[in-house]
Amino acid sequence: MSTTTATSSAAQAAAKSRNRTSGDTTTAASGSKGGLFSSKRVKPFPRKELIKFCRGMASMLKAQINTSDALKYYSQDQPNAEVKNALKQISKMIDAGAPAYAAFEKTGKFDHKLIGLIKAGCDSGQLHRAFAAISDRLKKEAEFKAKVRKAILLPILVILALIGIFIGAQLKVVPQIEGILGDFAAEPDAFTKIVFTTSHVVQKIWPLIIIAIAAFGVSLFKFAKFRDGIVYLMMSKWRLLRNLIMGLRQMLFLGTLHMLHANGITLAKAIKTSAESVKGTPLYSELLDAGKRYQQSGLPFSESIRKFTSCDPQVSHMIAIGERSSSLEMQLELLTEMYEEDVEQLVGDFTNVVNLIAIALAGLLISFVFIGAFLPIFLMGPKMMNSSM
């Protein structure tokens, strides 16, 4: 009798959990129709917090703490209210009988890679390994992205600041010098005339320059097609940039593929999930096509990669070795480490080149400011002295 009652209670709790989840889903779906929460959207779990969370979960699960309790312990001192509520929601669903991967998936805050790994960890009884793998992978991806961002953003900010100084000099300093020369009725020489003409042009079009720079920046961040077009153009003209971007994309895919495959997820499913790491790039559709051909036609994965993607030849070669020798996991790990080293070297080379370009442009803009502000005085000094006498 007690067993029946317990079973009934568990079923009722699970039903309540499903009803709550269904209600949340319905509310979210009806948002476009003007529902009460129409302005709200589910935000993904913060990336930095996700790294710490996965590391903490891995250590607690390894210490034989069950998943629900580990979630409760982690959320107790969590300062982020949104993260805290999400973890409590997951813990409640697990207590109600939902599998861990389903509870994480219901929140809508986690991507397919994490859900797939959690499911594989649950199936194999090695959930702590899944969380540890996610933490390591996310940490490495964050480090490389931060290096690339730093290599690009700092020179851009310096150049923008110098452009602002140049425009300011053309609007304020050069006109004052031109006015001083006019007071002395001194006729400027040919070079000084060019400087003054440049200042006149800048005075007329400087709002257009500012608008053009702002429009370019907004388009670059807001419109994916425009950004991709600029990237493809630069990749076609600059080999170092192409090697860096392709190396970074392949590193992300291979690292994710190794992480999933090493934790027991089938290769076909791992390929599809790993392709999400390069979504928004041409490599994404190529990898999906290669995965479908591998799954449906029986073509070896190495051949699918070689024929239907733009991956480097070494990728298909080492995957082929892994398929023939039943050491695919090892080959994927070697490929990931190799691309991590290559990308780190390419990021260093790219940073050096970009810094040199930024220094050259800075010197050029500073020279323009100096020429426009001081050179006319030097050139016209003798004429000004003669006219005053």
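User: How do α7 and α10 pack, angle and axis distance?
Analyst: Helix α7 (residues 127-183) and helix α10 pack at about 175 degrees, and their axes lie 10 Å apart. Axes here are lines fitted to C-alpha atoms, for helices over the stretch in contact, with angles from 0 to 180 degrees between N-to-C directions. Helices are DSSP runs of H or I with at least four residues, strands are runs of E with at least two, and both are numbered from the N terminus.

User: Parallel or antiparallel, then?
Analyst: The two helices α7 and α10 are therefore roughly antiparallel. The classes are roughly parallel for angles under 35 degrees, roughly antiparallel for over 145, roughly perpendicular for 65 to 115, and oblique for the rest.

User: What kind of model is this, and what are the ground rules?
Analyst: This is a predicted model, in which local features need pLDDT of at least 70 and side-chain atom pairs count only at pLDDT 80 or more, while totals for chains, interfaces and linings use all residues. Residues are numbered from 1 along each chain as its sequence is written, and side-chain values use heavy atoms, with hydrogens and water left out.

User: Which residues meet between α7 and α10?
Analyst: On the α7 side they are Arg-129, Ala-133, Ile-134, Arg-137, Glu-141, Phe-144 and Val-148. On the α10 side they are Leu-248, Met-251, Leu-252, Gly-255, Thr-256, Met-259 and Ala-262. Contact means heavy atoms within 4.5 Å.

User: Which members of the largest nonpolar core touch the most others?
Analyst: That core has 73 residues, and Phe-53, Phe-104, Leu-114 and Phe-131 touch the most other members. Helix α10 (residues 239-262) gives the most to this core, 13 residues. A nonpolar core is a set of buried Ala, Val, Leu, Ile, Met, Phe, Trp, Tyr and Cys residues joined through side-chain atoms within 4.5 Å. Buried means under 20% relative accessible area, exposed means over 50%, and partly exposed is in between, with a 1.4 Å probe and protein chains only.

User: What does Leu-114 touch?
Analyst: Apart from neighbours within four places in sequence, Leu-114 is in contact with Leu-50, Cys-54, Phe-104 and Ile-134.

User: Phe-104 again. Which α5 residues are buried?
Analyst: In helix α5 (residues 100-107), Phe-104 is buried along with Ala-100, Ala-102, Ala-103 and Thr-107. Gly-108 follows α5 and has a positive phi near 75 degrees.

User: Where do Gln-64 and Ser-326 sit, and are they buried or exposed?
Analyst: Gln-64 is in the loop between α2 and α3, and Ser-326 is in the loop between α14 (313-325) and α15 (328-373). Gln-64 is exposed at 71% relative accessible area, and Ser-326 is exposed at 71%.

User: New topic: what does the Ser-68 side chain pair with?
Analyst: Ser-68 and Ser-91 make a side-chain polar contact of 3.0 Å. A polar contact is a pair of N or O atoms within 3.5 Å; within protein, one must be able to donate a hydrogen and the other to accept it, and residues adjacent in sequence count only if both atoms are side-chain atoms. Ser-68 is in helix α3 (residues 67-76) and is buried at 5% relative accessibility. Not counting residues up to four places away in sequence, Ser-68 touches Ser-91, Ile-94 and Asp-95.

User: And Glu-49, buried or exposed?
Analyst: Glu-49 is buried at 12% relative accessible area, and its place is in helix α2 (residues 47-62). The Glu-49 side chain makes a polar contact of 3.0 Å with the side chain of Gln-78. Beyond neighbours within four places in sequence, Glu-49 is in contact with Tyr-74, Gln-78 and Val-83.

User: How far is Pro-44 from Thr-107?
Analyst: Pro-44 and Thr-107 are 9.2 Å apart, C-alpha to C-alpha, and 63 residues apart in sequence. Pro-44 is in the loop between α1 (2-29) and α2 and is exposed at 60% relative accessible area.

User: Last one: how many helices and strands in the chain, and how much counts as buried?
Analyst: The chain has 16 helices and zero strands. Of its 389 residues, 38% count as buried.
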